[in-house]
Amino acid sequence: MEKPLADREVTPILFSAKPLSKSFHRRLIFEDISFSLKERQSLAITGKNGSGKSTIAKIICGLLSPDKGSIQCSVAGKEISSEDLFNHIGFVSPYINLYDEFSGIENLVLIGNIRGIPVDKMSQADDLLKRFGLFDRRNDEVHGYSSGMKQRLKYAAALLHHPEILVLDEPTANLDAEGIGVVREAMRAQLQTGILIIATNDEDDLEFAGARIDLDRSRIIQKRT
Amino acid sequence: MKPLFAPSYHIFLKDSRSELRTRYALNALFMFVVTALSVILFSLGSESVSSDVLAGMLWVIIFFSSMSGLSRTFVSEEERGTVPTLQLIARPTPVYVGKLFFNFVLTFSLNVVIALLYIIFINNFVVSSEAIFWTTIFLGSCAIASSSTIIAAIIAKANTKGTLYPVLSFPILLPMLITVIKATQLSIEGAFFEEALGEFQILVSYTVVVVAVSVILFEFVWKD
């Protein structure tokens with residue numbers, strides 16, 4: 001049986017960004033963005049549309065390369081190379097898509113298999129589908145899911161490998177009240193053991209953030225009081 | 001050594017299941033083969049054409065049918081927005097190897113079907129050395145799959161995917177096409193297997209070089 005979250009051992013994690021800069025077609029999106037986070041810490045990235053929130057989230061997850069700067073990560077004192085970072089990060093975003101032609105459970109099993117999650121641990125796919133309210137529709141193809149159900153499935157996929165760092169871009173997009181509640185519970189659970197990074201302007205989501213980077217006003221991390 | 005085979009195998013399985021359900025590439029390939037063979041049959045009529053020309057025409061069909069379907073393995077990921085999903089769950093090399101293996105299986109199956117239909121329907125096309133012919137089909141499939149996979153990864157990022165694919169592929173596949181046509185001619189002439197070894201060495205070398213270069217370059221193509 002799994003230990004309650006509060007009783008689990010917390011692995012030391014250090015996740016930092018050394019001054020990040022990014023331009024698209026000579027237009028500077030942001031520059032000199034730095035932060036450093038440890039386990040049980042969280043960061044919010046805020047800013048108006050086009051300010052670069054999603055771009056930073058993509059750089060953090062290794063989907064985009066910064067023009068300058070770098071992402072550094074260590075877990076339990078061991079440096080994680082940039083090519084292995086994907087094993088320690090879970091990412092949920094409206095522009096990440098799962099495979100429409102497969103069912104919800106097939107998507108999770110497929111992702112688990114590609115990630116190399118042992119078969120005996122794959123029962124957690126069912127647990128995640130229950131947690132995100134998709135268990136009854138687990139055998140339906142994803143193209144029949146609503147946008148909110150797809151968003152819930154993305155959370156299940158992102159949490160399948162118990163990532164040390166969870167990055168959420170617009171975490172509550174497309175979700176109903178129940179879905180928002182489940183996601184907030186997942187965010188709380190992440191903060192018990194790992195690092196949470198959210199790119200959002202939603203005031204309720206910002207309650208989870210211990211620090212904030214506002215891309216509009218300041219590029220310095222502001223600690224919340 | 002970092003795990004390579006298991007993720008590659010599961011990416012291959014994913015692509016195979018996806019293809020069987022969506023038939024993105026299969027329908028395009030099948031329609032092209034049927035159309036191309038029909039056109040050749042009607043245009044030849046009762047004319048007697050030399051075996052050299054028939055060998056060339058066989059590989060024209062194989063080349064263009066491959067061009068009509070093999071790019072789908074990366075283009076469909078790009079069009080459905082699942083590229084970031086794959087980038088988030090696997091390293092670049094297993095993705096390339098899984099896609100390469102899928103393209104090889106698809107190309108080889110397609111080429112066997114094309115060759116059988118060609119032998120059945122084209123009267124003058126008589127294969128005297130079966131061993132040379134089927135070895136050429138196998139090694140030709142390896143060579144086509146190896147080069148078309150990396151080109152598909154490149155053109156998936158472009159706006160003009162359809163036209164760019166055969167244009168980019170042709171110069172890269174030309175040395176391979178010349179070699180397979182020569183080997184096919186030898187199989188029609190009934191040459192000994194040893195006589196075609198030179199052609200087979202070229203095809204194996206071509207495939208090894210293209211795969212090695214692709215493994216090195218794929219990460220740069222795959223990531224932004």
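User: Over how many bridges do strand β1 (residues 13–24) of chain A and strand β4 (residues 68–75) of chain A pair?

Analyst: This is a predicted model, where local features need pLDDT of at least 70, side-chain atom pairs count only at pLDDT 80 or more, and totals for chains, interfaces and linings use all residues. Residues are numbered from 1 along each chain as its sequence is written, while chains are lettered from A and ligands numbered from 1 in the order in which they are written. Strands (E, at least two residues) and helices (H or I, at least four) are DSSP runs, numbered from the N terminus, and two strands pair if DSSP finds at least two bridges between them. β1(A) and β4(A) pair in the antiparallel sense, over 7 bridges.

User: Which residue of β4(A) is the bridge partner of Lys18(A)?

Analyst: Along this pairing, Phe15(A) stands opposite Cys73(A). For Lys18(A), the partner in β4(A) is Ser70(A).

User: Which residue in the turn between β1(A) and β2(A) has a positive phi?

Analyst: β1(A) and β2(A) pair in the antiparallel sense over 8 bridges. Leu14(A) faces Lys38(A) of β2(A) there. The two strands form a hairpin with 2 residues between them, and the one with a positive phi, about 50°, is His25(A).

User: What is the order of the strands in the open sheet of chain A?

Analyst: The sheet has 4 strands, and the pairing is antiparallel. Its edge strands, each pairing on one side only, are β2 (27–38) and β5 (78–80) of chain A.

User: Which strands does helix α1 (residues 53–61) of chain A touch?

Analyst: Contact means that C-beta atoms, placed from the backbone, lie within 7 Å. Helix α1 of chain A packs on the sheet, and its direction makes about 130° with that of β1(A). The strands touched by α1(A) are β1, β2 and β4 of chain A.

User: Are α2(B) and α3(B) roughly parallel or roughly antiparallel?

Analyst: Axes are lines fitted to C-alpha atoms, for helices over the stretch in contact, and angles run from 0 to 180 degrees between N-to-C directions. The axes of α2 (residues 24–44) and α3 (residues 51–69) of chain B come within 8 Å and cross at roughly 155°. Angles under 35 degrees count as roughly parallel, over 145 as roughly antiparallel, 65 to 115 as roughly perpendicular and the rest as oblique. That makes the pair α2(B) and α3(B) roughly antiparallel.

User: How many residues does chain B bring to the contact with chain A?

Analyst: Chain A gives 20 residues to this contact. Helix α2 (residues 104–115) of chain A supplies the largest share of that side, 5 residues. Chain B brings 21 residues.

Notes. Contact = placed C-beta atoms within 7 Å.
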